[in-house]
Each structure stands twice: as structure tokens, then as C-alpha cells.
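Here's a quick tour for anyone opening this one up for the first time. Have a look at the model, then read on.

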Amino acid sequence: MADDDDTSPLSGVIRRHATRYSPPPGLAARIGAALDEVAREDAARAEASPPSARVVPFRSTARWRPVALAASFVLAIVLSSGTTWYVTAANQQGQIAEEVLASHVRSLLVDHLTDVASSDQHTVKPWFAGKLDVSPPVIDLAAHGYPLIGGRLDYLNQRQVAALVYRHQQHVINLFVWAQSGRAPAPRPPAEIQGYNLRRWQEGDLTFWAISDLNPGELDEFVQGIRTAAR
Amino acid sequence: MTTPTGPREFERLALPHLDAAYNLARWLTRNDSDAEDVVQDAYLRAYKYFAGFRGENFRAWLLAVVRRAAYDWLHRNRPAEVVPAGDMDLEAVAADSEADNPETALLRRADQKLVNDMISALPPQFREVVILRELQELSYKDIATIADVPVGTVMSRLARARAMLAADGRRRLKESTHGR
């Protein structure tokens, strides 16, 4: 039977009137975060049981063993105080960078760039009120060629964050903002990840991440524009 | 990464179908937050089995996982709603002329609430073919894959669903005219 033999008058009524339910804002982001979680657990499990985890015999004479052991403890403690922090923090920044990239790509894929679509900063800013624990600065850079096109709630780094969406020609820029009390400055994240350019900066208690497929020069110009206007 | 396929690759394929997935889950659970849970559960399941996906029609495969997750949810939370459709399939379909000729009053006076209420009242096995056919505009073949039944069953369920809708619509219109 042909597949397009739908002549039922009821079809028309249903197609005209029945609700097509749309996923709520943030569902794509939550699914993405859950997938990342599963992938991390899988990776951790695989690491915990490497195929050939045989113990390498410690080749030293028994006499020296206690001394060597003690020395290695001291060395470990000295090293860990500085290096561990740095390595952990760097990993963390890399992981956030991955999540920023994932959110950016997701926002383009799902055709869900904005929850509130408006080029008016006075519409976008109040929209975040009550949805987040921070009030992100919403700046329109239309005059510089980077018009604001809206905002959206997103989820990354295990928290709800504001995503401000800008456009430059055909390129979309996602600017993520969340509150982070400024401790020691975290190591610099990669400036580029899988072909997307990435910028992070701190302004008071707020952390900003900008990501786009714009070229580095234009993205820097955008960041400069935001930072200048925010002051 | 140790997983054969990373989450990014899966997202690239699966997220464009989020609207269809959510719409199906929402119509089967008839509730917003349950639909969200079902879709998230389904996407995680699909990701786990993704490495084994060898088919050509990713959308149909994904929606089949969503449907499975929705039925699992119904079995757990509202078992009374899931009645095997086998018996109902056998009921006379061909003789039912209502489907082909619903009252013009229904066509004229139908609105969003009436149509939504009517579809919601269908048993899930009939509701899903209506949603997949009329709202997602999928082929019988795809619907058969998703619902895991032969194409002939899809067609008879669709015909039967239309007959039920027409009868239910007539009843509701009569009530709203005479009642109150």
C-alpha cells in the first residue's frame, strides 16, 4: 500500500489541532551532562582494571628499602603540595572547556539557541532573575557588529549557568557566565578546542567563558568589547 | 576515550531528534516531568547500545528506544494503562465507516482541547501510531520498526484509532451541546 494514502478527514483535524510538545529548556543540556557522566564512569572503570596490572618488583637491597621508602614519602609530600593542586586544577579547566564546547555544539544542534529570544538587554537580563543565583551582566554589542540574540539557561560544571547568545555575521557566540568566588587564578584553559576558539576570564565573582567558531582575532575583539562595557 | 564512541558523536546524531523523542514520550506518559525522565533514560540507554547500532535508520532506532523506555515507565507506574493490544486489533475494523466519514460537526468544531483529549483517551498502542503518523509524519515502515509490529498491524491500528477518535469525538460533541 502506498505510504501517502492518508485521505482521512480526521488526519487534517489532528494535524491542525493536536499539540506537538516541545522539550523544556535545559533538557538537551541535562542529557548531555548525564552522557558525560556515564562516559566518565566508563573511562574510570576501564582505568581501574587495566589488562596487565602486574606489580613490578622493587629492585633494591632489603637494607636500603626503609630509607628509600621514607625518602620517597618526603619527596611525595613536598611535590604534592604544589604540583597536585596545579595538575588537578588544570584537569578541571580542561574538563570545563570540554563541557563548554559540548554545550555550544548542543545549542546549535538542537536548534535551541535561546530560551528568551531578544536583542533587548533589558528583556534578557530580568529573564534570568530568579532562575539563577547570579545576575549576569547583559551587554549588547550590536554597535560593534556583535548583536545579542538572546539568552538561555544551561547546565555545566555541575551548576545552572547563564548562556548569552551573540551573533557575528553567520557565527554564533555562546557566552557562559556563572558565579565563582575568586581564589587563586586557575591555570589557563586551552585557547582552542576541536576547532572552536575559547576564552575564559574572571570579573569580580563571575567567571566568563566565550566560545565560537569565529577566528581568534574576532573573538578577542568580542571579549574586549564585553569587558570594556562591563566596567 | 575508552568508550568505542564518545558522547559527542552520539549527541551529534541523537539531539536533532530530541523534539520527536520528547513529543512521543510526552504523549505516552501524558505528563511533562515524566516525559523528561523517560527521554533522559532513553538517551542514556541508547548511548549504551549505540556501539551496537548497525542499522541505517537512526531516528527509527532511537524512537524505538524512547518508546521502550516509556512503556517500561508505564508498566512500573501505571500498569493498568498497558493492555495488550492483540485483542483490540481483532475487533472489526473494515466495517467501521465512521473513520472515513466523521460528522462534519466534528471537523468544524474540533479545537485543540477536544483533539488533545480525544487522543489522550486512546490506549497507548493506538495513541502512539496516531502521534507517529499524524504529528511526526513517519512512514508505516518506520512506525512498524518503532512499535515493533508488522506494517499491516500499524495500518490496522491506525484505522482502528481513527474509528475510535471519530466515535469519541461525536460523543464529546453531543455531551458539550446537551450537557451543562
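Let's start with B:R30, which counts as partly exposed because 17 other C-beta atoms lie within 10 Å; the label covers whatever falls between buried (20 or more other C-beta atoms within 10 Å of the residue's own, with C-beta atoms placed from the backbone) and exposed (12 or fewer). This is a predicted model, where local features need pLDDT of at least 70, side-chain atom pairs count only at pLDDT 80 or more, and totals for chains, interfaces and linings use all residues. Residues are numbered from 1 along each chain as its sequence is written, while chains are lettered from A and ligands numbered from 1 in the order in which they are written.

**Two residues with a positive phi**
- Most residues other than glycine have a negative phi.
- B:R30 has a phi near 60°, a positive value, and is not a glycine.
- You'll find B:R30 in the loop between α2 and α3 of chain B; helices (H or I, at least four residues) and strands (E, at least two) are DSSP runs, numbered from the N terminus.
- Over in chain A, A:N157 isn't a glycine either, yet its phi is positive at about 50°.
- A:N157 sits in the loop between β2 (148-156) and β3 (159-168) of chain A, and it is partly exposed because it has 18 C-beta neighbours inside 10 Å.

- Helix α2 (residues 18-29) and helix α3 (residues 32-49) of chain B pack with their axes 8 Å apart, at an angle of about 130°; axes are lines fitted to C-alpha atoms over the stretch in contact, and angles run from 0 to 180 degrees between N-to-C directions.
- The residues that α2(B) brings to the contact include B:Y22 and B:R26, and those from α3(B) include B:V38 and B:V39; contact here means C-beta atoms, placed from the backbone, within 7 Å.

**Where the chains meet**
- 34 residues of chain A touch 42 residues of chain B.
- On chain A's side, α1 (9-17), α2 (27-48) and α3 (65-109) each give two or more residues.
- The biggest giver there is α2(A), with 13 residues.

**How confident is the predictor?**
- Chain B has an average pLDDT of 85, and 84% of the residues score at least 70; pLDDT is the predictor's confidence in each residue, from 0 to 100.
- Among chain B's elements, α2(B) has the highest mean pLDDT (97) and helix α5 (residues 86-90) the lowest (53).
- For the complex, the predictor gives an ipTM of 0.87 and a pTM of 0.62.

Conventions. Contact = placed C-beta atoms within 7 Å.
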